[in-house]
Amino acid sequence: MKNMNKIIRTASLVAVALTVASCGGGNRNTGPAAVQDEIPVVAVKQVFAEDVPQIGVYTSTVQAYVKNNIAPQASMRIKDIKVEIGDFVKAGQVVAEMDAINLQQARLQMVNDSTEYSRLEGLYEAGGLSKSDLDAMELKYNVSRSSYENLLENTVLLSPVDGVISARNYDKGDMFSLGQPIYTVEQITPVKLLVGISEVDYTKVHVGDKVDIAVDAFPGKTFQGSISRLYPTIDPATHTFTVEIVVGNADRMLRPGMYAKVTVLFGVNRSVVVPDEAIVKQVGSGDRFVYVLNADSTVTYTKVIPGRRMNYTYEILSGLDDGATVVTEGQVRLKSGIKVKVE
């Protein structure tokens, strides 16, 4: 029993010794060391004022300058079709002819009334007819002449503009109904585009201003147009106003329905320009900030008002001086007033 107690005491002493050894010994001073904050390392860039074009880019669709539907006033049979979809026509060119029976009857009536009016006019001059009878015949002749001219216009159909035939809804021999026009003709020299521009730019846009237009159908090619009309009211839902742009399109490359991007130049501002990586967005708000490097190697968290974005840079409207140095990398560890090291 004594030997067993001796063994237990010895084992306990050994365990205590091992515990002390594992802790580095009881006599060593191993208190926690003070942690030194490292100075953040940042990248910076000096920024300057530049001439910044005030450009707006808008999407639109190419439209025909004029679009006309060609059809007679009344139902009648189509005698002949003169042009097809895709044909270019001139103003006044015959595009279709309708059945001419009614036109022939109207012409005979007009000729007869003209002859009778001439005869009665001679009688009146000879004193053999009253003025009222002559006036009645003159009215009858004028009515028959107007009827003939109206039927002529609706029997021989002419294109009202220079343009391209974009739709044909009937064939030769069909009976025209009042549902659809026989033809649709669109004037594409020039063409027009309608663009909605923010009301804040209303005073910066003028009739005659030049704009650039790009379409997906012709990558890399730019067409030039000009502002022809400013709509006089602002849309209360979108706070935009409509601008009509006209493009000459002499080569007829632009066609109605093409998707287009319109670039409008509102002028030039002299503003400080910073790289987009220098801009810090404050969490929970729309405010933008930059860290400005001071002469004593500290940084200041500075609120800025950004303007237009240009590829990988921002125009700064206010909050930053010309020639300031801003942090472009390493903002995560920064706060206003701390010292930094520039790499």
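Let's start with isoleucine 197, which touches Tyr58, Val205, His239, Thr240, Phe241, Val243, Val264 and Phe266, leaving aside residues up to four places away in sequence. Contact here means heavy atoms within 4.5 Å. Before I go on, a word on the source: this is a predicted model, where local features need pLDDT of at least 70, side-chain atom pairs count only at pLDDT 80 or more, and totals for chains, interfaces and linings use all residues. Residues are numbered from 1 along each chain as its sequence is written, and side-chain values use heavy atoms, with hydrogens and water left out.

Back to the core. Ile197 belongs to the largest nonpolar core, which has 24 residues. Such a core is a set of buried Ala, Val, Leu, Ile, Met, Phe, Trp, Tyr and Cys residues joined through side-chain atoms within 4.5 Å. Buried means under 20% relative accessible area, exposed means over 50%, and partly exposed is in between, using a 1.4 Å probe and protein chains only. Which residues touch the most other members? They are Ile197, Ile213, Ile245, Leu254 and Val262. At least two residues each come from strand 9 (183-198), strand 10 (210-215), strand 11 (223-230), strand 12 (240-247) and strand 13 (259-275). Strand 9 gives the largest share, 5 residues. Strands (E, at least two residues) and helices (H or I, at least four) are DSSP runs, numbered from the N terminus. There is also a second, separate core of 17 residues, including Ile70, Val83, Ile165 and Tyr170. In soluble globular proteins, nonpolar side chains tend to be buried together.

While we are on strand 9, have a look at proline 190, which sits in that strand.

Now for the helices. Helix 2 (101-125) has 25 residues and reaches 37 Å from its first C-alpha to its last, close to the 36 Å expected at 1.5 Å a residue. That expected span is 1.5 Å times one less than the number of residues. The buried residues of helix 2 are Leu103, Ala106, Met110, Asp113, Tyr117 and Leu120, and they pack against helix 3. Just after helix 2, glycine 127 takes a positive phi of about 90°.

Helix 3 (residues 131-155) also has 25 residues, and its reach of 36 Å is close to the 36 Å expected. Its buried residues are Leu134, Met137, Tyr141, Ser144, Tyr148, Leu151, Asn154 and Thr155. Their cover includes helix 2, strand 6 (94-98) and strand 7 (156-158). An α-helix has 3.6 residues a turn, so residues three or four places apart point the same way.

Next comes serine 159, in the loop between strand 7 and strand 8 (163-168). Is serine 159 buried or exposed? Serine 159 is buried, with a relative accessible area of 3%. Its contacts include Ile70, Val89, Lys90 and Val185. The side chain of serine 159 also reaches the backbone oxygen of valine 161 at 2.6 Å.

I'll finish with two loop residues. Arginine 252 lies between strand 12 and strand 13, has a positive phi near 60°, and is partly exposed at 35% relative accessibility. Asparagine 311, in the loop between strand 16 (299-310) and strand 17 (313-318), has a positive phi near 55° and counts as exposed at 67%.

Technical notes. A polar contact is a pair of N or O atoms within 3.5 Å; within protein, one must be able to donate a hydrogen and the other to accept it, and residues adjacent in sequence count only if both atoms are side-chain atoms.
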